[in-house]
Amino acid sequence: MSTKANAITGYTYDDLMLKHECPWAKDHHESPRRLSSILDRCRELNLFDRCLFVKSTPVNDNDILLYHNESLLKKLSKAPVQNIEQLKQFCQEYEDVYMNEYTFDAAKLAVGGSLNLLDSIMTNQCRNGFALVRPPGHHASSNEINGFCLFNNVVITAKAAIEKYNAQRVLILDWDVHHGQGTQYAFYDTNKVLYISTHRYEHGAYWPQLAESDFDHIGEGDGRGFNVNIPLNKTGLKNADYMYIFFNIILPIAYEYDPDLVLVSAGYDLALGCPEGEMKVTPDTFAHLTHYLKGLANGKVMVLLEGGYCIDTLAESAAWTLRSLLGDPCSPLQACANPDLTVKKTVACCKNILKDYWQSLRIDLTEKSQVWIEEALHKRSLNELATNENRPTQYDLTPTLIIDRTEEQSKKIQQNIKRAIELAPHQKPLERGPTLLVYDELMRKFSVGNHCERPGRIVAVWKGLKSRGLDQRCTMIPSRHATKDEILLVHTNRFYDDLETTKTQTKKELQKREGVSRSVDYTNEVFDNALLAAGSCLNMVDAIMTDKGRNGFAIIRPPGHHAHSGMDYGFCYFNNVAICARYLQKNYNLQR
Ligand SMILES: [Zn+2]
Ligand SMILES: [Zn+2]
């Protein structure tokens, strides 16, 4: 296995995690194939070659006890794995779990690998990471295994971050299509962890059918306001719905919280084609979600695999997540239009109920939200929810997943999956191209006494980059003068010719020019300097468009954005950014 020093992204997994499978239902959808398909896809894209491999080692008991109680640990360690009938009976005590002879060790590796990856991130061996682990964890509570989950990987990781690394604020974002009730219970009364979950709910009709998965359960004591449930009351939701939730609830709260670490409970059962979630989110969406999270916690983002049961979109979604962690570009997001009304209602309910705790939610509040809250609570009251009172003494062992699709529906879903995967613009791994810089000391030449738009501005920018060593990490591209034709893409011939006369005008003539009312001044250097600024920008445009770099920074003056086509204005002579845009349209046929 390759390891890479100074990698941005770490990852962990272990082959033993592929041996955990259901002994009495070999076709169980929480299958080893889930993890192996992700590994295959990431290898196919050479993504692991660019990552730091972090070994999974078995977690020690003390770390498990950070969340789970000792009796559960003891009981699981003694599960009768050699006798299938006894094992079945053992598992029937819990809802939707199976075990085999490898499960206990795999679960210990899943937690241990997650903790090792946490160590790598917190000690700056890598900036972010992906724990490709199973069994998953977010349904497991302190005293119970539940919903395919043994130990709660994300909870133990968060607790370790607090205990070992003194993290003051940990954000757990759970985008798995199920509510991570086990995670919610762990941090319900603390503000040291902000738990945010989006999950299919259908007013309580959807598993795990708990009242506490709804939007009105926001934590207690110190934790009040720090438990955020965003219930989805409809299937078939798309990219636009998730992006709407992201921009209107998740990101405002997350940025206001300002975490020291971001943990993601990354289930991919909301992805297109997953029979559990029945949502329609395309795999590339996860690159966007991950991208926005990287602005938090100095980029310390650790993703942990939870669910996801459509093998094709699971693998593709996880690969997009890893690409985004690595810093690869996101794809243009499809179908990002209007969100569904049920989603708007949920977001309004969440904002209403959380506004006392989060300043960022106190905007665009709608009066209708009170009505929608009552409507949602009423609909919930019509469903039979799971409680301790109606809990069965034994659970059914047959996998609960029923795929209720006509042949035609299946065919259509398969087509959509194929399209979503083919849509990925970069089938081959895209290496990080350099960031480009253009800077030319000649742009200091234009100078008007003590004017605030002075040469020292770009000198300061340049020195600032250099003193931080940033220039060493970039590629310099040459400066150049723009041609007259290029300037005329935006400006009038008359203006160009008139400004050109400043090159040879006497001091007296320059002073006589009527520039004061538009906040522009003239020297013999201004024309040449403005051409150099515009031309250098165009060199940058060419370099980016021909993939010599992925992005760039043109350190230029005079600035441009106030300049009109027929006149200079407000410190600006040629409109650099407008010239770039016209140049891109003309030479590269860019449409948007
Ligand atoms: Zn799930
Ligand atoms: Zn300005």
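The buried residues of helix α9 pack against β4, α8, β7, β8 and α10 (311–326), where packing is read from contacts, meaning heavy atoms within 4.5 Å. Helices (H or I, at least four residues) and strands (E, at least two) are DSSP runs numbered from the N terminus. This is a predicted model, so local features need pLDDT of at least 70 and side-chain atom pairs count only at pLDDT 80 or more, while totals for chains, interfaces and linings use all residues. Residues are numbered from 1 along each chain as its sequence is written, chains are lettered from A and ligands numbered from 1 in the order in which they are written, and side-chain values use heavy atoms, with hydrogens and water left out.

Back to α9. The helix is mostly covered, with seven of its nine residues buried; buried stands for under 20% relative accessible area, exposed for over 50%, and partly exposed for anything in between (1.4 Å probe, protein chains only). The buried set is T285, F286, A287, H288, L289, T290 and L293. Past this helix, N298 sits in the loop between α9 (285–293) and β8 (301–305). N298 is exposed, at a relative accessible area of 74%, and has a positive phi of about 55° despite not being a glycine.

A second residue with this kind of backbone is D258, again not a glycine, with a positive phi of about 55°. D258 belongs to the loop between α8 and β7 (261–266) and is partly exposed, with 46% relative accessible area. For context, most residues other than glycine have a negative phi, and most peptide bonds are trans.

Cis peptide bonds turn up too. One joins W207 and P208, with omega about 5°, and P208 is placed in the loop between β5 and β6. Another cis bond runs from R557 to P558, with omega near -5°; here P558 lies in the loop between β11 (551–554) and α19 (576–588).

Next comes a helix pair. The axes of α8 (residues 239–257) and α11 (residues 341–354) come within 10 Å and cross at roughly 10°. Axes are lines fitted to C-alpha atoms, for helices over the stretch in contact, and angles run from 0 to 180 degrees between N-to-C directions. The two helices are therefore roughly parallel to each other, given that angles under 35 degrees count as roughly parallel, over 145 as roughly antiparallel, 65 to 115 as roughly perpendicular and the rest as oblique. On the α8 side the contact is made by D241, Y244, I245, N248, I249 and I253, and on the α11 side by V343, K344, V347, C350, K351 and L354. By residue class, the contact of α8 with α11 divides into eight nonpolar, one polar and three charged. In this scheme Ala, Val, Leu, Ile, Met, Phe, Trp, Tyr, Cys and Pro count as nonpolar, Asp, Glu, Lys and Arg as charged, and the others, Gly among them, as polar.

Then there is H178, found in the loop between β4 (170–174) and α7 (181–186). H178 is buried, with a relative accessible area of 5%. Its side chain makes a polar contact with the side chain of Y206 at 3.0 Å, and a polar contact of 3.1 Å joins the side chains of H178 and D269. A polar contact is a pair of N or O atoms within 3.5 Å; within protein, one must be able to donate a hydrogen and the other to accept it, and residues adjacent in sequence count only if both atoms are side-chain atoms. Leaving aside neighbours within four places in sequence, H178 is in contact with H138, H139, S197, H199, Y206, W207, D269 and E276.

R224 lies in the loop between β5 (193–200) and β6 (227–232) and is partly exposed, at 42% relative accessible area. Setting aside neighbours within four places in sequence, R224 is in contact with I218, G219 and Y357. The backbone oxygen of G219 is 3.3 Å from a polar atom of the R224 side chain.

Finally, the cysteines. A search of the whole structure finds zero disulfides, a disulfide being a pair of cysteine sulfur atoms within 2.5 Å. The sulfur of C22 is 8.1 Å from the closest cysteine sulfur, in C91, so it is too far for a bond; C22 is buried, at 3% relative accessible area. Likewise, the sulfur of C126 is 9.0 Å from the closest cysteine sulfur, in C51, again too far for a bond, and C126 is buried at 2% relative accessibility.
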